[in-house]
Amino acid sequence: MTQDHQEHQHGDSCCGHKHSAEPAAEKKYTDPVCGMQVSKNPEKTARFQGIAYYFCSNSCVSKFNATPENYIKAKKIIAMGSVGTATVATAVSTSTKEAASCCGAGADVGADVGADAGDTMQSDAQGEHQDPVCGMRVNADSKHQLVHEGQSYYFCCNSCLEKFRKDPAAWLDPAKRPAPKAVAKDAIFTCPMHLEIEQIGPGTCPLCGMALEPKEASMEEDTSELDDMRRRFKFSLVLSVPLLIMTMGDMLPGVSFHGLLGMTVYNWLQFLLATPVVLWAGLPFFERALASFKSMHLNMFSLIGVGTAAAYLFSLVALLLPDALPAAFKMDGMAPLYFEAAAVIICLVLLGQVLELRARSQTNAAIKALLGLTPATAIRIADDGSEAEITLDQVLVGDRLRVKPGAHIPVDGVLLDGHSNVDEAMLTGEPLPVSKQVGDKLSAGTINQQGSFSMQAQRIGKDTLLASIIDLVNQAGRSRAPIQKLADQVSGWFVPGVIAAAVLAFAGWAAWGPAPALANGLMAAVSVLIIACPCALGLATPISVTVGIGRGAHDGVLIKDAEALERLEKIDTLVIDKTGTLTEGKPSMQNFKVVAGEVVAGEPEADLLALAMTLEQRSEHPVAHAIVSYAEARGSKAVSISDFMSVTGKGVSANIDGKAVLLGNPALLKEHAIAMQEFEPQVAAWQALGHTVMLMAVDQKVVALLSVADKIKANSKEAIAQLQQQGMHIIVLTGDNAISAQAVAKQLGLDDVRADLLPADKFRIVQELQAQGRVVAMAGDGINDAPALAQADVGIAMGSGTDVAMHSAHVVLVKGDLRGIVKARSLSQQAMKNIRQNLFFAFAYNFVGVPVAAGLLYPWFDILLSPMIASAAMSLSSVSVISNALRLRKAKL
């Protein structure tokens with residue numbers, strides 16, 4: 001018996017094994033594959049559309065993970081993670097004798113699966129053919145076959161066959177499949193306060209009652225919730241304003257609506273005006289309140305629902321059955337009515353919802369701006385040279401595309417012909433355009449400023465750099481900062497505490513308040529329930545994180561999660577790789593100096609450069625590549641040479657027109673007894689800068705000096721100086737030799753250098769620094785930096801580096817500009833300041849507002865807060881928090 005079978009938890013399982021049942025008291029779950037009842041087991045769990053499913057065995061887990069859509073039928077229902085009353089999908093019944101196929105076909109699969117009738121799976125694990133659509137093994141006996149271009153193809157079911165028949169080329173060559181849209185609108189919606197809540201389509205959060213928003217930003221914004229709230233607000237405003245004027249008119253001298261209309265008409269008119277507002281305009285709030293009590297996840301709408309319902313129902317009883325009320329509720333024998341309070345509260349809460357939804361729609365402005373950079377179409381160049389405009393999703397890898405002046409580049413690729421200046425501000429934040437020549441890389445969303453050119457598509461759809469930036473920003477905006485834990489802990493007892501405060505306020509007024517004591521107590525309790533705002537507390541952190549990370553993306557600083565955003569301001573030590581981080585990462589020619597008075601046979605500098613290029617063209621050494629690239633950029637052409645010889649570790653030699661030519665390091669020239677004493681000071685000076693120095697000799701005479709080095713990035717010195725001014729301790733970690741490392745460090749004003757390191761050494765040094773209590777950031781670009789990037793408190797990868805480094809890091813500098821570290825720290829400082837301001841405001845608002853609403857100031861200042869004023873304050877509190885967070889969009893980095 002296999003271990004997998006031994007692990008079954010149920011009785012008559014899908015595999016025919018029997019085991020003792022679990023205790024009846026333990027909650028059971030239905031295995032969506034075999035239908036058996038099982039207990040929760042983390043080792044036999046899978047997630048689909050945000051919901052966890054539990055299985056009897058690893059075999060069922062594997063089947064489900066392979067094709068979850070065959071066992072689950074998606075429904076538009078809230079997925080609440082730990083909230084057991086809601087699901088997002090329904091298990092589809094399948095036969096316990098035969099599992100469903102990859103396409104939903106099976107022997108006894110019900111109609112819910114959606115397979116064609118009679119579309120029985122023809123899979124065979126030992127089959128000699130592979131279904132080109134789903135990859136399952138099938139044999140030649142399968143009844144689902146198709147001949148395409150003389151070749152027979154076999155399928156597991158008719159669904160796969162039909163998919164293949166519609167577009168055979170797409171299934172035979174994945175590279176030819178149409179690209180998905182750069183960022184397609186996602187059907188998954190989530191709560192900005194409770195990220196575990198996910199739902200297919202819009203709705204409300206079952207935990208806090210807030211309107212859900214798309215998990216991924218889209219240009220096609222869903223405004224259905226805002227439109228509904230705006231419509232309800234306008235309706236409530238039309239009825240609430242005359243109701244408020246009518247009930248408050250008695251405060252004006254000479255105005256008495258109840259005297260004019262009579263008390264009976266006056267009271268019933270209040271009822272008629274308030275009832276549509278409360279029962280229709282306020283219906284969403286009561287639905288959310290009821291849902292919160294059912295799930296026992298109390299929230300702001302629990303308080304609004306209880307408060308407005310209490311005011312309205314009390315008024316209804318006072319209107320219909322006034323004699324049933326105790327005398328303590330009455331003044332001068334009449335019970336007060338609070339229809340206007342209930343209606344105005346609903347009206348003001350609706351106003352708050354409209355303002356909040358409008359403000360929240362602006363938090364993803366940075367992502368929407370990036371989405372707007374992708375053009376809807378591209379111009380494809382056919383093999384015959386003709387051009388046609390196509391939609392972006394029709395672009396294929398390898399297509400030749402035309403980019404006209406002023407147009408956005410549609411996909412990532414390489415420039416084939418022509419040249420231009422490209423505005424890459426969306427990647428780097430730098431306003432100056434970048435010159436592009438043949439062979440240079442191009443990124444989707446950047447702008448061609450001048451000149452028409454053609455390009456070859458290399459990365460399309462969600463594989464483009466722009467799409468990956470948008471995806472990273474989306475994910476980061478949904479992450480939680482550690483500081484959010486404080487708000488989460490407070491929110492857990494906040495609503496029950498407010499309800500308790502309302503009960504105490506009512507009891508206090510009933511016991512010691514002036515007449516009508518119970519009526520005043522009721523209003524105090526309603527005010528307490530209405531003024532409290534847990535949403536302001538819950539939104540304080542996530543809104544600032546979303547806006548802040550979007551602001552960083554605008555300047556080419558991609559922060560992957562909220563924790564990194566919070567930690568950045570605490571960094572006191574930066575360990576930084578040299579090659580590719582401080583430097584360009586590839587050797588380039590730094591100096592080519594023809595020795596004065598020693599030009600042999602009148603050969604000009606251009607000829608010597610051409611000769612150097614010819615000698616080095618046959619070498620694969622990076623230094624040789626640097627010399628060749630330098631010469632080619634200056635139009636040098638190769639010359640004819642003979643007797644070429646490479647001397648390992650020293651250089652090369654050859655003959656040209658009967659002259660012996662050497663190009664190599666000083667050791668090579670010494671070996672050939674060539675005098676070079678007068679050049680040694682220059683050689684030493686360049687070597688001190690970390691350059692690799694070579695000399696060229698013709699017929700035993702030195703004619704030129706060359707130096708090659710990994711050039712320091714243009715902005716490295718400025719960035720290092722700014723970080724040092726901020727008190728940052730900077731350490732250079734490199735696998736390069738100590739001489740080169742010290743030379744680079746000296747030019748940058750750095751004195752702590754650790755050279756000749758392996759990846760494990762960098763990792764160990766980061767650990768040692770952390771053990772000393774330092775908060776460490778690591779900046780690097782290579783695979784060898786990945787362990788240290790992952791270990792550091794904040795890993796910072798160069799966008800020009802390896803994918804491994806970028807995946808290991810928490811922050812990515814899109815163009816590898818070290819000034820991005822300065823920007824990231826500045827953004828962190830401003831974002832955390834903003835978050836603290838929001839938290840302070842939210843705590844202070846509730847700390848002051850609840851006691852005032854309870855009437856704590858009444859004995860000294862005769863102040864009793866109206867529920868309508870409490871409602872206005874509550875509505876504006878969330879808006880104030882969001883508005884403060886939106887200030888980050890204009891933060892100077």
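Colleague: Start with alanine 673, in the loop between α21 (666-671) and α22. Why is alanine 673 called exposed?
Modeller: This is a predicted model, and the label rests on computed area. Alanine 673 has 66% relative accessibility. Exposed means over 50%. Alanine 673 therefore counts as exposed.

Colleague: Which loop holds aspartate 699, and what is its phi?
Modeller: Aspartate 699 sits in the loop between β29 (692-698) and β30. Its phi is near 50°, again positive in a residue other than glycine.

Colleague: Why is aspartate 699 called partly exposed?
Modeller: The relative accessible area of aspartate 699 is 38%. Buried needs under 20% and exposed needs over 50%. The value falls in between, so aspartate 699 is partly exposed.

Colleague: Now lysine 578 in helix α18. Why is lysine 578 called buried?
Modeller: Lysine 578 has 3% relative accessibility. The cut-off for buried is under 20%. Lysine 578 therefore counts as buried.

Colleague: Which residues is lysine 578 in contact with, leaving aside neighbours within four places in sequence?
Modeller: Thr583, Val732, Leu733, Thr734, Asp736, Ser740, Ala741 and Val744. Ser740, Ala741 and Val744 are among the buried residues of helix α24 (residues 738-748).

Colleague: What do the buried residues of α24 pack against?
Modeller: The helical partners are α18 (578-582), α22 (680-688) and α23 (716-725). The strand partners are β25 (583-594), β30 (701-712) and β32 (753-754). After α24 comes glycine 749, with a positive phi near 80°.

Colleague: How many aromatic pairs does the model hold?
Modeller: Eight, when ring centres within 6.5 Å count as paired.

Colleague: Which residues form a nonpolar surface patch with Trp268?
Modeller: Val317, Leu320 and Leu321. The patch has about 370 Å² of accessible area in total.

Colleague: Why does valine 317 count as partly exposed?
Modeller: Valine 317, in helix α9 (residues 300-320), has 34% relative accessibility. That lies between the cut-offs of 20% and 50%, so valine 317 is partly exposed.

Colleague: Which UniProt feature covers residues 298-321?
Modeller: The unreviewed UniProt entry places "transmembrane region" there. In the model that span is 88% helix and 0% strand, with its end C-alpha atoms 32 Å apart. The entry also lists residues 839-861. There the chain is 87% helix and 0% strand, and the end C-alpha atoms are 29 Å apart.

Colleague: What is the overall count of helices and strands?
Modeller: The protein has 30 helices and 35 strands. Of its 893 residues, 51% are buried.

Key. Residues numbered from 1 in each chain as written. Predicted model: local features only at pLDDT ≥ 70, side-chain atom pairs only at ≥ 80, totals over all residues. Heavy atoms only, no water. Patch = residues over 30% accessible without salt bridge, like charges linked within 9 Å, V, L, I, M, F, W, Y side chains within 5 Å. Areas by Shrake-Rupley, 256 points an atom, 1.4 Å probe, with all protein chains shown as cover. Salt bridge = Lys/Arg side-chain N within 4 Å of Asp/Glu carboxyl O. Helix = DSSP H or I, 4+ residues; strand = E, 2+ residues; numbered from the N terminus. Buried < 20%, exposed > 50% of the residue type's maximum accessible area, 1.4 Å probe, protein only. UniProt positions renumbered as here; feature names shortened; annotations may be inferred. Contact = heavy atoms within 4.5 Å. Phe/Tyr/Trp six-rings, centres within 6.5 Å; stacked < 30°, edge-to-face > 60°.
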